[in-house]
Amino acid sequence: MSASATAAAEPISARAEGPLSGIARVPGDKSISHRSVMLGGLAVGETRITGLLEGEDVLATAAALRQLGASVERDPAGTWRVSGVGLGGLAEPADVLDMGNSGTAARLLLGILAGHPIRCFMTGDASLRSRPMKRVTDPLCAMGARIECREGGRLPLMIEGAEPVLPITYELPVPSAQVKSAVLLAGLMSRGETAVIESVDTRDHTERMLTHFGGTVTREAIAGGGARIAVLGEPELTAADILVPADPSSAAFPMVAALIVPGSEVQMPNIGMNPTRTGLIATLRDMGGDIEISNERIAGGEPVADLTVRHSALKGIEVPPERAASMIDEYPVLSVAAACAEGRTVMRGVGELRVKECDRIAAMKDGLIANGVTVEDGPDWMIVEGRPGDIVGGAPVATHLDHRIAMSFYVLSLVTKKPVTVDDAAPIRTSFPNFLELMRGIGAQ
Ligand code: S3P
């Protein structure tokens, strides 16, 4: 939803009268979709994107790139065509850039804008305006950009790009692919090498796609964990076709639904299996989940596979904290799986969940407790006591403008004794516009 729009809330609830079955065709990966529009907008020539996620978050990125001078259009067959302006060629927009609900759109675009000598104003919806931007504005200012934020480093903000852009080596203070990407993207416009050091691996879609467009990216593993990732400035970025795999973070919802609804078997083709994104699958398998991976292949530079997920008796586990970055968006729906598992599930090292579209630890805890599940939490941890087959439900849940909270409680409602009412389904359109249709297609009511 745009910064200024106010719309009536759309409450939803769900039931499963029998097993879920059939094929769930999950839409395109959000992270890859944002990057394909942004890099397409910076490259020379026409980039054709197949399978782009047409959710509100990515549409916000597309609108911003248009305001900055790129051409971003969908052809009647559903292929998106982006004609780029060439590196450094973005033009000052006549109006504020509204990034809606999307932290990825805002933070990655700030990296790009930091390398352009133009002045831009950026805002977002109430959720995005409450999220921390200092994590990107600090390194971008060190590279020479001038940025004025609201109190506390929040949007709206004004950014004036650096000229020249200073190449830096930046050690990530938080494990964040958005911050890593912002610095690397700004580094494209510098004369020299810009490096980011991360202590745990975060998603590497920016690096893969930059290479695909002809950029020079190097990655050196650091003994004991993590890596140094560097880009060489002023590359020739050339348009390249992109095939977007289905989003593993969206697949997580029908996946957990199939695991917890008795008798279910659901197929999910073409799911992104980038190792920086598959922590949830490993965790659900550790919990006893029957997730079959077949037809593993590389498509458009990213690993993909077909999944078959069957109902399973789950058991609670200690989730390895070092897995957090590879499943950071999946903890809300993991906590639903944990509520349906025998025993306790312990999630540690997840403090970043407090600064997502909402405070996800608080939102999941409140909603689960209201529906009869015992949850404890601390600054960066959460413990869920499972009640398989015995969750009362019946209580309303607040979405807090967070798509993943809405979809998680929709999934929980499939197995509670009384339905759970999610107060607002509208945020689901940011990442998974056909979610309700897809869930109905596999048998949810
Ligand atoms: C994303 C990175 C992650 C993730 C977000 C998408 C990306 O955020 O939660 O949904 O596309 O780079 P952080 O960088 O804040 O961890």
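Here is a short briefing, grouped by topic. Keep in mind that this is a predicted model.

**The largest pocket**
- The largest pocket holds about 510 Å³ of space.
- It is lined by 36 residues, and the closest to its centre are Pro175, Arg203, Ile328, Asp329 and Lys356.
- Domain 1 (9-28 + 245-441) and domain 2 (30-243) both give residues to the lining, so the pocket lies between them.
- Helices α1 (30-42), α3 (103-113) and α5 (177-187) each supply at least two lining residues, and α1 gives the most, with four.
- Sorted by type, the lining has nine nonpolar, twelve polar and 15 charged residues.

**A residue tucked into a helix**
- Threonine 206 sits in helix α6 (residues 205-212).
- With a relative accessible area of 2%, threonine 206 counts as buried, because the cut-off is under 20%.
- Leaving aside residues up to four places away in sequence, threonine 206 touches Arg35, Ser181 and Leu185.

- Most peptide bonds are trans, and most residues other than glycine have a negative phi.
- Leucine 155 and proline 156 are joined by a cis peptide bond, with omega about -5°; proline 156 is in strand β8 (residues 154-160).
- Another cis bond links glutamate 163 to proline 164, with omega about 5°; proline 164 is in the loop between β8 and β9 (169-171).
- Glutamate 234 isn't a glycine, yet has a positive phi of about 55°; you'll find it in the loop between β12 (227-232) and β13 (242-243), partly exposed at 47% relative accessibility.
- Leucine 401 also has a positive phi of about 55°; it lies in the loop between β21 (396-397) and α11 (403-413) and is partly exposed at 28%.

Key
Residues are numbered from 1 along each chain as its sequence is written. This is a predicted model: local features need pLDDT of at least 70, side-chain atom pairs count only at pLDDT 80 or more; totals for chains, interfaces and linings use all residues. Side-chain values use heavy atoms; hydrogens and water are left out. Buried means under 20% relative accessible area, exposed over 50%, partly exposed in between (1.4 Å probe, protein chains only). Contact means heavy atoms within 4.5 Å. On a 1 Å grid over the protein atoms alone, a cavity is a set of points where a 1.4 Å probe fits but cannot get out, and a pocket is an open set with protein on both sides within 12 Å along at least five of seven lines; lining residues have an atom within 4 Å of a point. Grid points are joined across faces, edges and corners, and a volume is the space filled by probe spheres set on the points. Ala, Val, Leu, Ile, Met, Phe, Trp, Tyr, Cys and Pro count as nonpolar, Asp, Glu, Lys and Arg as charged, and the others, Gly among them, as polar. Domain bounds come from an automatic or database domain assignment.
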